Amino acid sequence: MTADTIGFIGLGVMGEPMCHNLHKKSGQSVIACDIDPGPLERAREAGMETTDSLEKIAQRCGTIFISMPSGVQLEKVCAGLMPHMKSGQTIVDTTTAPVALTKELAARFQDKGIDYADAPIARTRQAARDGTLAVMVGASEALFARIEPLIACYGNDITLCGDVGSGQVVKILNNMIVAETVNAVAEALTIGRRAGLDGALLLDTLAKGSADSFVLRNHGVKAMLPGVFPLRAFSVNYMLKDMRYAIELAEETGVEIKSARTTNEILQAAATEQLADAYWPALLAVIDPTVEPQTPDGD
């Protein structure tokens, strides 16, 4: 194992640009790991070593970043890493995963002397490319001090939220709020259009008042207004996964979240064969069936 070698597992929609930013900015060697040959080829073109072997990552890397679609894949990756890792190594998990699973995985690794931080991310794929993601970290203060300079390679708003699991709580609640807000914007856009208003004028005017939000200016103006919901973006299925985590967390804490459950039902209705893998503000098509969503293949 080389302490200053970084492993990055999961070169998906967000993971790939994050990995490239670590390679460009960290000053350390980065080994990229995935089962898809496409992003591995791009990583090699950028000068990185690549592998599809979790064992190799575990044996060679002092710090290992993980970026998975959900807790299901995260648990499998951790099971593949754990037998080959030793005391003194560090895992930084950027996946959005259930809080209980995160705490369980952290405990297992910590029993072997391996540090574990949950550091889920927020914002867009363009932000991942630009290195301007928001990152919510659950870790000890000492571990946070060690990993923050690496996280800063792809994030510019980095917050230590508390102990392990705290980052997941904040990220899950972030996505719950965003989903409910997208639903509200979709409803407003549909009502406004049926009342005879131009949709662009409506959203532009709302953005000048107290209804303004990141969601309105981005999800609303850039996706819902033109009705374009690309593939290879954060999909309806992905948001459904995060809403399930939010509902589970609410149940664990004894809170009834009616608005979130309603939004979850709308997302479930949007998870059709056509839209399940499309950019998730496509839930607009459930609220306004007259919308003919375009689902181009994203980059």
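Which residues of the largest nonpolar core touch the most other members? They are M224, F229, L267, W280 and L283, out of 38 residues in that core. The model is predicted.

**Cores**

The largest share comes from α11, with nine residues. In soluble globular proteins, nonpolar side chains tend to be buried together.

Take M224 as an example. Setting aside its neighbours within four places in sequence, M224 is in contact with V182, V185, A186, L189, R193, H219, F229, P281 and L284. Another core lies apart from the largest one. This other core has 31 residues, including F8, L22, A127 and A139.

**Aromatic pairs**

How many aromatic pairs does the structure hold? The structure holds four. Such a pair is described by the distance of the centres and the angle of the planes. Two of the pairs are set out below.

| Pair | Distance of ring centres | Angle of planes | Type |
|---|---|---|---|
| F8 and F65 | 6.0 Å | 5 degrees | stacked |
| F109 and Y116 | 5.8 Å | 25 degrees | stacked |

Why do F8 and F65 count as stacked? Their planes lie at 5 degrees, and planes under 30 degrees apart count as stacked. The planes of F109 and Y116 lie at 25 degrees, so that pair is stacked too.

F8 sits in strand β1 (residues 2-9) and F65 in strand β4 (residues 61-66). The pair therefore ties together parts that are 57 residues apart in sequence. F8 is buried, with a relative accessible area of 0%. F65 is buried as well, at 0% relative accessibility. F8 and F65 also form one aromatic cluster with Y154.

Are F109 and Y116 buried or exposed? F109 is buried, at 0% relative accessibility. Y116 is buried at 1%.

**The second largest pocket**

This pocket has a volume of about 150 Å³. It is lined by 11 residues. The closest to its centre are E16, P17, H20, R125 and R129.

Which elements give two or more residues to the lining? They are α1 (15-25) and α6 (125-130). The most comes from α1, with five residues.

What is the make-up of this lining? Seven of its residues are charged, two are polar and two are nonpolar.

Note on methods. Residues numbered from 1 in each chain as written. Predicted model: local features only at pLDDT ≥ 70, side-chain atom pairs only at ≥ 80, totals over all residues. Heavy atoms only, no water. Core = buried A, V, L, I, M, F, W, Y, C linked by side-chain atoms within 4.5 Å. Buried < 20%, exposed > 50% of the residue type's maximum accessible area, 1.4 Å probe, protein only. Helix = DSSP H or I, 4+ residues; strand = E, 2+ residues; numbered from the N terminus. Contact = heavy atoms within 4.5 Å. 1 Å grid on protein atoms, 1.4 Å probe; cavity = no way out; pocket = protein on both sides within 12 Å on 5 of 7 lines; lining within 4 Å. Points joined across faces, edges and corners; volume = space filled by probe spheres on them. Nonpolar A, V, L, I, M, F, W, Y, C, P; charged D, E, K, R; others polar. Phe/Tyr/Trp six-rings, centres within 6.5 Å; stacked < 30°, edge-to-face > 60°.
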